[in-house]
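Colleague: I would like to learn how to read a structure like this one. Could you walk me through it, feature by feature?

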Amino acid sequence: MSHHTVPGPPPTAAPRAQRSRSDGWSPALGVVALLGATIAALIIGITIVPMEAAHGRLFTDTPGTYQISVYALGATMVLWAALGVAALVTGIVSIVRRGANSRAVWGIILAVVSPFVAVTALIASMVIAAMMI
């Protein structure tokens, strides 16, 4: 009689955490928050300097319709901030539930960086517009 060992089942990798449908939300929300806040800041920064140069030194010297448009763009910052907070929260929840993954980390990075990029865009566009006058 010969001794033959019966091979067992092939080794399998450790079970991977299932990806949820919401795994992709964090970076998507972060990108939208970043782009929205940056575009709104650029529009305000590019237009406010020439308007004040043409109508007066104070923002209140500019036409009322322009003031309303700037207030509206400023109000959208609340939306972009809320989307940034949502990106931050969904990224943290994804990491806590399923471990660190690159999508969640990117969502958190975008959420944290977004306000700084928007403020930098506002200041830079105002400085550039002032230099062109």
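Predicted model: local features only at pLDDT ≥ 70, side-chain atom pairs only at ≥ 80, totals over all residues.

Colleague: Which residue follows α2?

Modeller: Gly99 comes after α2, and its phi is positive, near 85°.

Colleague: How do the axes of α1 and α3 cross?

Modeller: For two helices, look at both the approach and the angle. The axes of α1 and α3 come within 8 Å and cross at roughly 5°. Angles under 35 degrees count as roughly parallel, and that makes α1 roughly parallel to α3. Sorted by class, the contact of α1 with α3 has 22 nonpolar, seven polar and one charged residues.

Colleague: Can we follow single residues now? Where does Gly30 lie, and is Gly30 buried or exposed?

Modeller: Gly30 belongs to helix α1. Its relative accessibility is 0%, so Gly30 counts as buried, the cut-off for that being under 20%. Setting aside residues up to four places away in sequence, Gly30 touches Ala87 and Leu110. Gly30 also shows how sequence and space can be read together: Gly30 and Val113 are 83 residues apart in sequence and 9.1 Å apart in space, C-alpha to C-alpha.

Colleague: Ala87 was on your list for α2. What is Ala87 in contact with?

Modeller: Ala87, in helix α2, is buried, with a relative accessible area of 0%. Leaving aside neighbours within four places in sequence, Ala87 is in contact with Ser26, Leu29, Gly30, Gly107 and Ala111. You can read the Gly30 contact from either end, as Gly30 touches Ala87. As for distance, Ala87 and Val31 are 56 residues apart along the chain, and their C-alpha atoms are separated by 8.9 Å.

Colleague: Which residues does Ala129 contact?

Modeller: Ala129 is found in helix α3. At 9% relative accessibility, Ala129 counts as buried. Apart from neighbours within four places in sequence, Ala129 is in contact with Gly45, Ile46, Val49 and Pro50.

Colleague: What share of the contacts in the chain with a separation of 6 or more comes from residues 24 or more positions apart?

Modeller: Residues 24 or more positions apart account for 72% of those contacts.

Colleague: How exposed is Ser69?

Modeller: Ser69, in helix α2, is partly exposed, with a relative accessible area of 32%. The C-alpha atoms of Ser69 and Ile44 are separated by 9.0 Å, and the two residues are 25 residues apart along the chain.

Colleague: Let us turn to the rings. How many aromatic pairs are there in the whole structure?

Modeller: A search of the whole structure finds two aromatic pairs. In one of them, the rings of Phe59 and Tyr71 have centres 5.5 Å apart and planes at 80°, so the pair is edge-to-face; the cut-off for that label is over 60. Phe59 lies in the loop between α1 (25-55) and α2 (64-98) and Tyr71 in helix α2, so this pair ties together parts that are twelve residues apart in sequence.

Colleague: Are Phe59 and Tyr71 buried or exposed?

Modeller: Phe59 counts as buried, at 19% relative accessibility, whereas Tyr71, at 51%, counts as exposed.

Colleague: Which residues do the ring pairs link into a cluster?

Modeller: The ring pairs link Phe59, Tyr66 and Tyr71 into a cluster.

How values were computed. Residues numbered from 1 in each chain as written. Heavy atoms only, no water. Phe/Tyr/Trp six-rings, centres within 6.5 Å; stacked < 30°, edge-to-face > 60°. Helix = DSSP H or I, 4+ residues; strand = E, 2+ residues; numbered from the N terminus. Buried < 20%, exposed > 50% of the residue type's maximum accessible area, 1.4 Å probe, protein only. Axes fitted to C-alpha atoms, helices over the stretch in contact; angles between N-to-C directions. Parallel < 35°, antiparallel > 145°, perpendicular 65-115°, else oblique. Nonpolar A, V, L, I, M, F, W, Y, C, P; charged D, E, K, R; others polar. Contact = heavy atoms within 4.5 Å.
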